Amino acid sequence: MHIPDGLIPAQVCAAGYAIAGLTTWYSLRQMNRKPDPTAEIPKASLLTAAFFVASSIYIPVPPVSVHLILNGLLGVVLGYFAFPAILIGLFFQALMIGHGGLTTLGVNAAMMGIPALVAYHLFNLRQTLGRALPDRVALGGFAFLGGALGLGLSTLIFLVLVITTIPAGFDVDTERSIILALSLAHIPLMLIEGSFTTLLVLFLHRVKPELLEG
Amino acid sequence: MAFASLEAYVHGNSVVHRWPPRLKLVGLGVLMFAFATVQQGILLLPIAAIAAVLYGLSRLPLGFLSHRLRYPGLFIAAVVVLLPFTAGDTVIAQWGWLALRQEGLEAASLIVVRFVSILTLGFILLGTTPFLTIIQAMRGLGLPVILADMTLLAYRYLYEIADNLATMQKSMALRGFGHQPRRWGVSRRTVQQLAMLVGSLLLRSYEQSERVYKAMRLRGYGYGQGNQATLGRTNVDAQSLVGWGLTVAVLAMAVCIVAVEVALSIG
């Protein structure tokens, strides 16, 4: 789910870079507010590499297999470091396998990264809205929301961008219904991604809770 | 992971190889964006020709490009394959219910030529410049220190973590994972096992990052800014006339492309 070079107009690419630049600046500012930001850099870098490697894992859903995006999970685990992590991951992907592109790096980073930050804030809501719930239920429930909505929002942005910028000759109503239909088709994937995030967060909570404090 | 094969030709001696990295990054980057602005069919031939000439100048083998274009090419083909049959009203050819339409064909060729030309420039950059030099040049152009450090560290540990995952997957397979009879639908057990696999990978990476951080601290990481200043300083060789000449030529072409595009779209 990456937008390749040459598919969308240059104005959209430039807007993507502007949004990604602003979000990176904001994320870096938040990161610099931490008591010891340099201590966070190796952790965020190695987890960036780990997420990049883990995104190659496929989940068998016979007769097909789906691959995970993990952007919601990245937000949940890395917090504000998720945005630069996604930017770097997409940069590597564009270089190594030609997936995505260099002119569309900004658009792709905004498309994947902003939902990751939304997922981070959703996951943090467990401390206020989820206080009444049992610990594990709140943790799992908000992780599910983060994982599922992280993917859902990215998919929606992707579909809107691709379908409205490719001159396929559809009128506005047809475009809207195509976007709606394709978004609905992604709901099962959101459920898988959400469940995966829940299971992983509960696992990390059991064995290394400090990883979830980012 | 394919960085090694990407760097197979970085030590050549063509003019593009000798193009100072910072100038090359700016020149090719601006040209890529100029290519992305193209909406007029008349500009397709010139941009493809510019990309081809630059590729020729870089003296990279053709196999390098065709091998690299294969995977992203399939993706773009899947996106545009329907366009010539759905978009537009001017029918060029008709086979029963299937009609080839001119507007759709133009839109598809626009996307494909832009895509191939931009990617060719990207592979010229990557095929002639070592990855670390690119990061260094980006630092010189104002990439924030945190991003440069994160990119370099992630790059450094990528292969190690990929090896880790491969070992873990192999041991899962040896213990029977993936050999169960296939049933339709998602198996909760499989998802749980894969979640634990990713969780363990994150844990190992996290623990390794703590050791890496301690080792970096011991070597002075985070004390003062001296190391960062040297990282950012690349020598733009003032005597590299060819480099400056290429940069000016490439930037002039980019300006021409955008000017023609704007003039044609207004007119």
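1. What radius of gyration does chain A have, and what would a compact globule with 214 residues have? Chain A has 17 Å, which agrees with the value near 17 Å for a compact globule of that length; the radius is taken over C-alpha atoms, and the globule rule is 2.2 Å times the number of residues to the power 0.38. Along the principal axes, the C-alpha atoms of chain A fill a box of roughly 50 × 40 × 30 Å.

2. This is a predicted model, in which local features need pLDDT of at least 70 and side-chain atom pairs count only at pLDDT 80 or more, while totals for chains, interfaces and linings use all residues. Residues are numbered from 1 along each chain as its sequence is written, and chains are lettered from A and ligands numbered from 1 in the order in which they are written.

3. On confidence, the predictor assigns the complex an ipTM of 0.87 and a pTM of 0.89. The pLDDT (the predictor's confidence in each residue, from 0 to 100) averages 85 in chain B, where 90% of the residues score at least 70. Within chain B the lowest confidence falls in helix H11 (residues 226-232), with a mean of 45, and the highest in helix H4 (residues 44-58), at 94. The stretch 226-234 of chain B has pLDDT below 50, and beyond near neighbours in sequence it has twelve contacts in the model, a contact being two residues whose C-beta atoms, placed from the backbone, lie within 7 Å.

4. As to secondary structure, helices (H or I, at least four residues) and strands (E, at least two) are DSSP runs, numbered from the N terminus. Chain A has eight helices and two strands, in the order α-α-β-β-α-α-α-α-α-α along the sequence. Chain B has twelve helices and two strands, and its order is α-α-α-α-α-α-β-β-α-α-α-α-α-α.

5. The radius of gyration of chain B is 24 Å, whereas a compact globule of 267 residues would have one near 18 Å. The C-alpha atoms of chain B fill a box of roughly 65 × 60 × 35 Å along the principal axes.

6. The contact between the chains takes 51 residues from chain A and 66 residues from chain B. On the side of chain B that touches chain A, the elements giving two or more residues include helix H3 (21-37), helix H7 (102-128) and helix H10 (188-218) of chain B, and H10(B) gives the most, with 18 residues. By class, that side has 46 nonpolar, 14 polar and six charged residues; Ala, Val, Leu, Ile, Met, Phe, Trp, Tyr, Cys and Pro count as nonpolar, Asp, Glu, Lys and Arg as charged, and the others, Gly among them, as polar.

7. In chain B, H3(B) and H7(B) pack with their axes 9 Å apart and at an angle of about 175 degrees, which makes H3(B) roughly antiparallel to H7(B). Axes are lines fitted to C-alpha atoms, for helices over the stretch in contact, and angles run from 0 to 180 degrees between N-to-C directions; angles under 35 degrees count as roughly parallel, over 145 as roughly antiparallel, 65 to 115 as roughly perpendicular and the rest as oblique. The residues in this contact include Leu28(B), Leu31(B) and Phe35(B) of H3(B), and Ile118(B), Leu121(B) and Leu125(B) of H7(B), and by class the contact has nine nonpolar, two polar and two charged residues.

8. In chain A, the axes of helix H3 (residues 71-78) and helix H8 (residues 187-207) come within 9 Å and cross at roughly 30 degrees, and these two helices, H3(A) and H8(A), are therefore roughly parallel to each other. Gly72(A), Leu73(A) and Val76(A) in H3(A) meet Glu193(A), Thr197(A), Leu200(A) and Val201(A) in H8(A), a set that divides into four nonpolar, two polar and one charged.
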